[in-house]
Amino acid sequence: WEFTDYSWSPDSKWIAFASAGQLKRVAIAGGLPQTLTAVPEGRITGSWSTNGTFLVEITENPENEGWFILTPGASSLKKIKGLERNRVLTPEKSFPSFLPDGEHFLFTQSVNDVATLMVGSIGSEQTQALAPSDSRGVYASGFILYVHQGSLLAQPFDVATRTTSGEPMRLLDDIEFFAPMGRASFSVSQTGLLISRRRAPPSQLRWVDRDGGQIGPILKAEIQGDARLAPDGRRLAVQIVDPRLSTSDIWIAELDRNVAARLT
């Protein structure tokens with residue numbers, strides 16, 4: 001399956017996915033997948049509107065990146081927007097997600113080097129900025145949900161005027177997400193049911209003697225990844241993750257003083 005996020009139909013009876021260069025759907029009740037149309041190669045995300053239209057985003061295909069739609073009854077995708085080649089964006093994917101009217105959709109893009117949740121439309125080039133966001137956004141039960149600085153937020157949203165109001169409410173502080181790509185591990189139904197996955201708990205490197213006893217920690221508790229000792233044994237290069245941004249850097253720890261400074 002090649003959908004980064006496979007898509008439910010609005011009536012919850014079908015799931016759409018891409019496989020072997022084709023956009024397909026399969027019924028939850030059972031049966032073989034049905035081919036809807038051919039799709040270009042690349043990384044594919046998409047959304048299925050209430051009126052049956054698919055909005056498909058294709059990236060990682062330098063020759064044919066962009067947004068495509070498949071309207072009910074059509075046999076091929078129609079490109080509605082191209083993406084610039086060699087662009088540098090954060091987030092890397094825009095993850096379009098339809099609003100209930102089936103015409104407008106949420107997506108993310110960089111605005112003045114700030115990752116921002118936006119509203120777009122199938123029939124118009126006009127867009128509207130909503131809020132800074134480090135992840136994809138979705139709508140449910142009068143709110144838009146998105147991740148910003150490590151927290152999953154819910155903000156009141158008027159689908160008629162496509163505007164936000166009030167202050168966002170913080171739902172979760174430990175959600176797993178990856179800001180450079182715009183991914184976040186949560187999903188919400190139109191009834192307001194939320195499911196999410198927590199990020200990895202903080203880990204800590206410790207010295208252990210030859211008998212397995214713990215001698216002491218290295219640095220304070222952090223989300224730590226790969227570590228490499230210097231040949232002289234006096235310094236340690238370690239990967240430390242920033243939980244607010246989900247990005248990581250290499251730090252150099254001076255082991256005799258148990259302090260570290262960021263290298264990258």
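**View 1. Contacts of Ser135 in the predicted model**. Apart from neighbours within four places in sequence, Ser135 touches Thr108, Tyr146, Val147, Gly182, Arg183, Ala184 and Phe186. With Val147 there is also a polar approach: a polar atom of the Ser135 side chain lies 3.0 Å from the backbone nitrogen of Val147. Ser135 sits in the loop that runs between strand 12 (124-132) and strand 13 (138-140). Ser135 has a relative accessible area of 0% and is therefore buried, the limit for that class being under 20%.

View 2. Ile28 belongs to the loop between strand 3 (22-27) and strand 4 (34-38). The relative accessible area of Ile28 is 47%, so this residue counts as partly exposed.

**View 3. Phe95, a residue with positive phi**. Most residues other than glycine have a negative phi. Phe95 is not glycine, yet its phi is positive, near 50 degrees. The residue is found in the loop between strand 8 (78-82) and strand 9 (97-98). Phe95 counts as buried because its relative accessibility is 4%.

**View 4. Arg162, with positive phi in a loop**. The phi of Arg162, also not a glycine, is positive at about 55 degrees. Arg162 is placed in the loop between strand 15 (151-158) and strand 16 (163-164). Its relative accessibility is 22%, so Arg162 is classed as partly exposed.

Methods:
Residues are numbered from 1 along each chain as its sequence is written. This is a predicted model: local features need pLDDT of at least 70, side-chain atom pairs count only at pLDDT 80 or more; totals for chains, interfaces and linings use all residues. Side-chain values use heavy atoms; hydrogens and water are left out. Helices (H or I, at least four residues) and strands (E, at least two) are DSSP runs, numbered from the N terminus. Buried means under 20% relative accessible area, exposed over 50%, partly exposed in between (1.4 Å probe, protein chains only). A polar contact is a pair of N or O atoms within 3.5 Å; within protein, one must be able to donate a hydrogen and the other to accept it, and residues adjacent in sequence count only if both atoms are side-chain atoms. Contact means heavy atoms within 4.5 Å.
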